[in-house]
Amino acid sequence: MMDTSPSSQETLPRRWCHLRKVLERSGPFCHPGFEPSSEILNFIMSSCKILIIGAGGLGCELLKNLALMGFKEIHVIDMDTIDLSNLNRQFLFRRKDIGLPKAEVAAKFINTRIPGCNVTPHFNKIQDFDEDFYRQFHIVVCGLDSVVARRWINGMLLSLLSYDETGEIEQSSLIPMIDGGTEGFKGNARVILPGMSACVDCTLDLFPPQVVYPLCTIANTPRLPEHCIEYVKLIQWPKENPFDTGIDGDDPAHINWIYEKASERANQFNIQGMTYRLVQGVVKNIIPAVASTNAVIASACTTEVFKIATSCCMPLNNYMVFNDVDGIYTYTYEAEKKSDCLACSQKAKTLEIKSGNMKLQELIDFLSENPAYQMKSPGITSYVGGKNRTLYLPTVASIEEKTRDNLKKSLLELGLQNGSEIMVADVTSPNTMIFVLKMLDCKENMIIG
């Protein structure tokens, strides 16, 4: 609730005079639908609900910027706890906060420092919330370090879209997403209008490829601390299975175990430079963050939130890159929407494979390694003869064990043929994707349905 006391009414005009100048008069760069009004500022300060995903380097900057700009109803989601290495750039945290949830500490700091601001923290994964939770927000802002998480929230916002009888998107169901990302001295900010502009999956090829170290070097002749970390990650972990689960890069117990084992191997080969932070970076594939880059990208994202919330100016169309490695360089361009995008296309998805003799394991590898899909741990269900059958599900131990033998079987042996439907579930999307198989070696017409 806004403070309407006399003292507040006196200070409000002075504090927000810079915003009033923008919102209460027209200009050459305004959105065509913009109507100057004093009520716009009231909307920002009382009704507009913003969701920030991530309370790390970008998230701290976003929280500070949006709160100081007048947005008062803010929610923040983050599943991490504060580590010593965070303190050099995540300025909402102090040494006494180490080990506490980032979202809760960040929210408390902002609520205390900026009276009237109401930041609600969620110490959770984004996957813990359903459609009703996300539907309550006007704008979603991402400050993530994970491509998987970006793709998941992208899929969630797409699933919230409603269409009218003509197939047009109902504007009331559209929740814009502002996405920021940084890699050292490079960064980007983008505006995504789900279903209308290019989504995250439309531009998967823009994300940098993961560094891959040769297995022979990792196993026999390690020369770098990264080689030792990869050895523990790829060879020792599967053998010893210390936690009876896969590696979770956000679990300190997992990172500590890898750090200890990698340090032992580094000592055996007289390799220097092993640190806990390096282990975390290799396991999570993180490039060290730079505070100044975070500040620039967060300011760009905050500006886009303000423009979309108020219509005072045309928003970014739709991708801005920033580079200050040598001097300062920015470039803006329009990323194009893919007509056959895995996430946002309304067309039936066709999955082309060379032969029905392809093994199920080969199909899973194809979905994981192909740049167009980049899945992480796909589970596959078939739909044949009007019945669903689980072919492989890696996320549930009991089902994984029962379906493991299917990995060695060909698609034909599993009852699939040209035109068969398969349902694929993966951590990169909240929705199950349906594909129609097209076997390129099959001369028969495809059987749809």
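The model is predicted, so local features need pLDDT of at least 70, side-chain atom pairs count only at pLDDT 80 or more, and totals for chains, interfaces and linings use all residues. Residues are numbered from 1 along each chain as its sequence is written, and side-chain values use heavy atoms, with hydrogens and water left out.

Q: What rules out a bond for Cys312?
A: Its closest cysteine sulfur is in Cys313, at 5.9 Å. Again, that is too far for a bond. A search of the whole structure finds zero disulfides.

Q: What makes S7 and S8 a pair?
A: Strands are DSSP runs (E, at least two residues), and helices are runs of H or I with at least four, numbered from the N terminus. Two strands pair if DSSP finds at least two bridges between them. Strand S7 (residues 319-323) and S8 have five bridges, in the antiparallel sense. Val321 stands opposite Tyr331 in S8.

Q: Why are S3 and S8 called edge strands?
A: Their open sheet has eight strands, in the order S3-S2-S1-S4-S5-S6-S7-S8, with mixed pairing. Strand S3 (118-122) and strand S8 (329-333) each have a single partner strand, so one side of each is left without a neighbour in the sheet. Neighbouring strands here are turned by 15° against each other on average, direction ignored.

Q: Which strands stand at the edges of the sheet of five?
A: The order of this open sheet is S9-S13-S12-S10-S11, and the pairing is mixed. Strand S9 (349-353) and S11 stand at the edges. Each has a single partner strand, so one side of each lacks a neighbour in the sheet. The twist averages 35° from one strand to the next.

Q: What makes the pairing of this sheet mixed?
A: S9 and S13 pair in the parallel sense over five bridges. In S13, Met439 is the bridge partner of Ile353. S10 and strand S12 (residues 421-425) pair in the antiparallel sense, also over five bridges. There, Gly379 stands opposite Ala425 in S12.

Q: How many bridges join S10 to S11?
A: Five bridges join strand S10 (residues 379-384) to strand S11 (residues 387-392), and the two run antiparallel. Ser382 has Arg389 in S11 as its bridge partner. In the hairpin of S10 and S11, two residues lie between the strands, and Gly385 takes a positive phi near 60°.

Q: What makes a space a cavity, and how many of 30 Å³ or more are there?
A: On a 1 Å grid over the protein atoms alone, a cavity is a set of points where a 1.4 Å probe fits but cannot get out. The count comes to one cavity of 30 Å³ or more. About 40 Å³ lies in the largest cavity. Its lining includes Arg15, Trp16 and Lys72.

Q: Why is another space called a pocket?
A: A pocket is an open set with protein on both sides within 12 Å along at least five of seven lines, and lining residues have an atom within 4 Å of a point. The second largest pocket has a volume of about 420 Å³. Of the 23 residues that line it, the closest to its centre are Leu342, Ala343, Ser345, Lys349 and Met433.

Q: Which helix gives the most to the lining of the second largest pocket?
A: H7 gives the most, with four residues. Helix H7 (147-159) and strand S13 (433-439) each supply at least two residues of this lining.

Notes:
Grid points are joined across faces, edges and corners, and a volume is the space filled by probe spheres set on the points. A disulfide is a pair of cysteine sulfur atoms within 2.5 Å. Axes are lines fitted to C-alpha atoms, for helices over the stretch in contact, and angles run from 0 to 180 degrees between N-to-C directions.
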